[in-house]
Amino acid sequence: MIPMLDPVMLVLIIPAVAAAVLVLLPTYELAARVNVAATFMTFISALGLFALPERPNGLLLIDDLNIVFIVLTTFVGFTTSIFSSGYIAHELEIGRLTPLYLRFYHAMYQLLMFGMNLALTANVTGLMWVAIELATLTTVLMVGIYRTHEALEAAWKYFILGSVGIGLALFGTILVYVAAQPVIGEGIDAMRWTVLLDNAARFDPSLLNVAFIFLLLGYGTKVGLAPLHAWLPDAHAEGPTPISAVLSGLLLNVALYAVLRFKILLAANGQAIAPGPLMVAMGLTSLVFAAFMLYRRRDIKRLFAYSSIEHMGIIAFAFGMGGPLANFAGLLHMTMHSLTKSAIFFSIGHITRIKGTQRIADIGGLTESHPTLGWTLVVGVVAIAGLPPFGIFTSEFLIISSTFSREPLLAIPLVFGILIAVGALFLRLNGLAFGEPLGPLAPNRMSYLPMFAHFILVLIAGIYLPAPIVLWFQNVAGMLG
Amino acid sequence: MTPFALDVSHLLAGSLVLLSFMMLYQARMLGLINVFALHAVALVLAILWQGYIQGAPSLFITATIALVVKAIVIPVALRRIVIQLGVHRTIETVVGIGPTMLVGIALVGLSMVVMLGVTTESDPLAREDLALALSVILLGLLMMVSRRNAVTQVIGFMSIENGLILAAAGARGMPLIVEISVAFSILVAFIVIGIFLFRIRERFDTVDVQALDRFRGEQSG
């Protein structure tokens with residue numbers, strides 16, 4: 001196979017080249033189209049990973065676990081770029097962004113896709129760290145792109161907490177290398193997942209324990225787990241809405257992927273502490289904390305940012321419980337949450353564009369004034385709250401039922417947190433979607449297509465999960481142990 | 001490994017910890033920037049010594065990057081920024097200097113106990129080095145939480161980064177160390193340029209988390 005046409009290289013090369021091209025393109029219409037085309041081609045290449053004759057395990061790695069993440073990342077990246085082209089055109093119209101900033105925005109978007117794909121495909125722990133740092137940096141810059149006082153404040157907070165987080169993660173990465181070096185020897189092999197896993201049983205367990213604490217705290221900051229979540233709501237609320245969608249839908253998953261890789265490593269060692277209980281504790285704390293915080297939100301984007309913390313908590317809990325069923329449910333929940341949450345942010349993008357505000361109190365009666373928009377928001381909230389017939393119901397049901405059968409006591413705070421969150425979401429939805437229409441009533445001129453595509457996928461997954469996907473997820477769940 | 005080689009590497013790593021403490025009690029911004037430049041120089045010497053005793057030429061590149069970026073470019077840029085913004089007089093503290101120093105001593109003790117306890121089977125070169133590096137990292141974190149101003153937080157973050165590079169240099173034959181230090185330099189450079197270009201004057205008044213909530217109307221008062 002020609003190296004350039006290798007799908008593994010393509011998912012990295014396309015965004016990198018597109019970023020370079022987009023810096024140079026002067027007109028935003030063309031830039032937006034190139035952006036969509038590049039993310040579409042990246043998605044197609046990601047699908048090509050399934051047909052890979054030989055899976056690499058040198059500097060890059062493809063296995064059943066990261067294919068799920070890569071396909072999800074490139075798909076949501078693609079749909080978000082469609083949404084972004086309409087959104088950005090409006091931002092230019094009202095003068096919140098200048099053409100120069102738009103060039104920067106599109107280049108950063110592709111650079112972010114590159115960073116995430118590199119983090120997901122990297123076989124070397126250090127390379128993965130560099131990639132996550134790159135993704136963090138691009139999102140920090142994009143969160144601050146409006147340059148209002150609030151946006152800069154949010155970007156600053158994100159930068160400080162995010163870089164402390166990745167700093168701690170690097171220390172953990174170094175410690176894993178120090179643990180591996182006496183066994184494997186010096187050099188890059190002592191940082192390769194595939195080599196690390198084969199030799200994990202001979203590593204010093206106490207060193208691995210300390211390393212995992214740093215890695216969990218470090219990457220956990222990026223996942224948005226309480227008590228390290230403080231950057232997340234501000235970054236979501238003050239940045240452009242497409243970036244909120246990508247942050248919630250994708251970047252949090254990428255950080256979680258890093259934690260999962262190290263969890264597999266610890267499990268392979270055998271003598272190190274079980275990483276599960278730590279993740280369960282952080283997950284439950286995030287869930288319950290975010291559920292209560294949902295009640296006090298007055299900003300619509302912050303509301304759903306806290307809901308992301310809640311769901312990342314549920315996902316971390318599921319992976320922390322471990323075992324085939326909980327891991328399967330965790331993977332499914334992660335996929336469904338990415339699709340649903342980014343679709344909700346698309347819908348919020350339409351709403352805030354029409355209403356010109358993010359304050360929940362100033363938005364009302366959407367089902368009456370904008371029936372399509374209003375009802376899709378209702379559908380979105382029903383889906384994210386975990387009600388049937390949507391996919392999140394399936395995954396939450398599996399998580400709760402497996403917890404009941406194994407650790408009934410843990411199921412109590414889990415169910416409690418989920419119910420509290422559902423209450424808050426419906427309380428806010430009631431004001432947003434029903435009652436007297438509030439605010440401007442201009443029609444929506446942007447495409448609903450990305451939003452509908454996501455909701456249809458979530459609906460299909462809730463009613464019937466195709467057998468190949470179930471098989472694939474079961475296989476991955478086995479890998480995660 | 002000769003005892004002399006180990007002693008020198010401990011001396012250099014220890015001097016970084018000492019300089020971290022010095023940063024904690026600086027009352028003036030310009031003094032803080034000077035101490036940070038010294039911190040970076042101490043780091044460069046520590047990396048050079050590690051490169052020499054390990055026979056690892058890639059560490060010399062890392063040392064050069066650290067010298068140019070952290071000991072020269074960033075301190076000069078920060079000095080210009082704080083003078084231009086007129087914030088060079090005093091540093092606003094959240095906690096007093098005395099308690100901060102006591103907490104710092106406790107953190108160094110903690111990192112010694114933790115790291116020396118778990119690295120009994122590791123390379124002797126990496127052992128104390130990791131413990132001292134963790135001390136530098138924790139002291140940097142302490143500085144970030146105990147000072148309010150944006151420039152001090154950036155300096156705190158960069159001293160954390162120095163600790164990380166020190167740890168990476170002590171891990172024998174660690175690959176990608178050049179790439180990691182380049183990635184860090186880009187990160188820091190972007191932020192310093194960001195502060196400089198946007199002249200976020202009000203940014204320097206507060207990074208109080210609650211202030212943001214007030215702007216957003218999430219909290220009263």
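A: Helix α3 of chain A runs over residues 64–93, where helices are DSSP runs of H or I with at least four residues and strands are runs of E with at least two, numbered from the N terminus. From the first C-alpha of its 30 residues to the last, α3(A) reaches 44 Å, close to the 44 Å expected at 1.5 Å a residue; that expected span is 1.5 Å times one less than the number of residues. At A:Ser84, α3(A) bends by about 25°, an angle taken between axes fitted to the seven residues ending there and the seven starting there. Because 24 of its 30 residues are buried, α3(A) is largely enclosed by the rest of the structure. Here, buried means that 20 or more other C-beta atoms lie within 10 Å of a residue's own, exposed means 12 or fewer, and partly exposed is in between, with C-beta atoms placed from the backbone. Just after the helix, A:Gly95 takes a positive phi of about 80°.

A word on how to read all this: the model is predicted, local features need pLDDT of at least 70, side-chain atom pairs count only at pLDDT 80 or more, and totals for chains, interfaces and linings use all residues. Residues are numbered from 1 along each chain as its sequence is written, while chains are lettered from A and ligands numbered from 1 in the order in which they are written.

Stepping back to the whole of chain A, you will find 19 helices and 0 strands. Buried residues make up 62% of its 481 residues. Along its principal axes, the C-alpha trace of chain A spans about 65 × 55 × 45 Å. Of the contacts in chain A with a separation of 6 or more, 81% are between residues 24 or more positions apart, a contact being two residues whose C-beta atoms, placed from the backbone, lie within 7 Å.

The one from A:Ala226 to A:Pro227 is cis, with omega near 5°, and A:Pro227 is found in the loop between α8 and α9 (231–238) of chain A. The bond from A:Pro388 to A:Pro389 is cis too, with omega near 10°, and A:Pro389 sits in the loop between α15 (371–384) and α16 (391–406) of chain A.

Next comes the partner chain. The contact between them takes 38 residues from chain A and 42 residues from chain B. On the side of chain A that touches chain B, α6(A) gives the largest share, 18 residues.

In chain B, B:Leu176 has a phi near 65°, a positive value in a residue other than glycine. B:Leu176 lies in the loop between α6 (150–170) and α7 (177–198) of chain B, and counts as buried because it has 21 C-beta neighbours inside 10 Å.

Finally, the scores: the model has ipTM 0.87 and pTM 0.91. The mean pLDDT of chain B is 82, with 86% of its residues at 70 or more; pLDDT is the predictor's confidence in each residue, from 0 to 100.
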